[in-house]
Amino acid sequence: MRFLQFFGLKFNPFRKEVPIEQLFASSSSIELRSRLGFLETTRGIGLVMGEPGAGKTTALRAYLKQLNPASYHICYFALSTLNVREFLNGLAMELGESPAFQRVKTIHLIQQAIRSMFHERKTTPVIVLDEMHLASSAIFDELRLILNFEMDSHNPYILIMAAQPPIRAKLNLNVHLPLRQRILVKYTLQGLKEDELGNYLATRLAFAGSNDQIFQEPSLSAIYSVSGGLPRVVNSLATNCLIYACQQGERYVDEECVYQAANELQV
């Protein structure tokens, strides 16, 4: 890509693949980490919400990466493509069990595996369910059954549900009241604050090999105005800004460059 050479970059600084240690710590992501830390001590169910592009999956990836694998067993699912049978079978296999033909037996195997992992191996299962706003009511029902241990007297697991805001409407249905009441931690992940945007862009550029202030001050307000601070939109827009500036032979991104790049992206 020509713009990389033009700006002296080793790679696209705003690409999706970023090492965990290089992720920008926004105030919202730091608060989320604190909430999840509390969930570690109490165990049980947590709900992480956020608009598309807010960075939910990235933040959870960073959180899971720092967990001690000797103490935590991670199971991750994106519910957008799973029906109830696929979910139960997948969870059983992630926990080291062979799914049974009957649904009830599979649920029993899952509970047995969680108990054994927690009490005998001293390992806490961490079940992360992504895209939960797309999950069917049947999956919510299965979760309520799976996570009822010893008459609800203790939680030998951590369950983190990540979803877009429409999940509220599903959880507010009366049929899901028992599950909703079990949620111990709720947090809505926000995008970058406007005063964090400059540092975010500079951190990404430095990681890719440039310490130049390519994004001029007026461009920051324009980027924030267009993106709302959502990291995914910021990344796409910033990349297109670099491409457009390169095409124009400009070494810096100004306000006009941002709006031209946004127009090309139809953001």
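User: How many salt bridges does a search of the whole structure find?

Analyst: The structure is a predicted model. A salt bridge needs a side-chain nitrogen of Lys or Arg within 4 Å of a carboxyl oxygen of Asp or Glu. Searching the whole structure for such pairs gives a count of three.

User: Which residue meets glutamate 31 in a salt bridge, and in which helix do both lie?

Analyst: The partner of glutamate 31 is arginine 35, with N to O at 2.6 Å. The two are four residues apart, about one turn of the helix. Both residues sit in helix H2, residues 27–42.

User: Is arginine 35 buried or partly exposed?

Analyst: Buried means under 20% relative accessible area, and exposed means over 50%. Arginine 35 has a relative accessible area of 30%. That value lies in between, so arginine 35 is partly exposed.

User: How far apart are the closest N and O atoms of glutamate 40 and arginine 33?

Analyst: Glutamate 40 and arginine 33 form a salt bridge. The cut-off for such a pair is 4 Å. Their closest N and O atoms are apart by 3.6 Å.

User: Why does glutamate 40 count as buried?

Analyst: The cut-off for buried is under 20% relative accessible area. Arginine 33 has 31% and is partly exposed. Glutamate 40 counts as buried because its relative accessibility is 19%.

User: Which helices hold arginine 103 and glutamate 142?

Analyst: The side chains of arginine 103 and glutamate 142 meet in a salt bridge, 2.9 Å from N to O. This pair links distant parts of the chain, 39 residues apart. Arginine 103 lies in helix H5 (residues 103–120), and glutamate 142 lies in helix H6 (residues 137–146).

User: What is the relative accessibility of glutamate 142?

Analyst: Arginine 103 counts as partly exposed, at 33%. Glutamate 142 counts as buried. Buried means under 20%, and the value for glutamate 142 is 7%.

User: Why is strand S1 largely enclosed by the rest of the structure?

Analyst: Strand S1 covers residues 44–49.

User: How many bridges join S1 to S4, and which residue of S4 is the partner of leucine 47?

Analyst: Strand S4 spans residues 158–163 and runs parallel to S1. The two are joined by six bridges. In S4, the bridge partner of leucine 47 is methionine 161.

User: Which residue in S5 is the bridge partner of methionine 49?

Analyst: S1 also pairs with strand S5, residues 183–188. Five bridges join these parallel strands. Within S5, methionine 49 has as its partner threonine 188.

User: What word describes how H11 lies to H12?

Analyst: The axes of H11 and H12 (residues 255–265) come within 8 Å and cross at roughly 110°. Angles of 65 to 115 degrees count as roughly perpendicular. So H11 lies to H12 roughly perpendicular.

User: What is the handedness of the crossing where H11 passes H12?

Analyst: Residues of H11 including Leu237 and Tyr244 meet residues of H12, among them Val258 and Leu265. The crossing of H11 past H12 is right-handed.

Terms used
Residues are numbered from 1 along each chain as its sequence is written. This is a predicted model: local features need pLDDT of at least 70, side-chain atom pairs count only at pLDDT 80 or more; totals for chains, interfaces and linings use all residues. Side-chain values use heavy atoms; hydrogens and water are left out. Buried means under 20% relative accessible area, exposed over 50%, partly exposed in between (1.4 Å probe, protein chains only). Two strands pair if DSSP finds at least two bridges between them. Axes are lines fitted to C-alpha atoms, for helices over the stretch in contact, and angles run from 0 to 180 degrees between N-to-C directions. Angles under 35 degrees count as roughly parallel, over 145 as roughly antiparallel, 65 to 115 as roughly perpendicular and the rest as oblique. A crossing is left-handed if the near helix is turned anticlockwise from the far one by less than a right angle, and right-handed if clockwise. Contact means heavy atoms within 4.5 Å.
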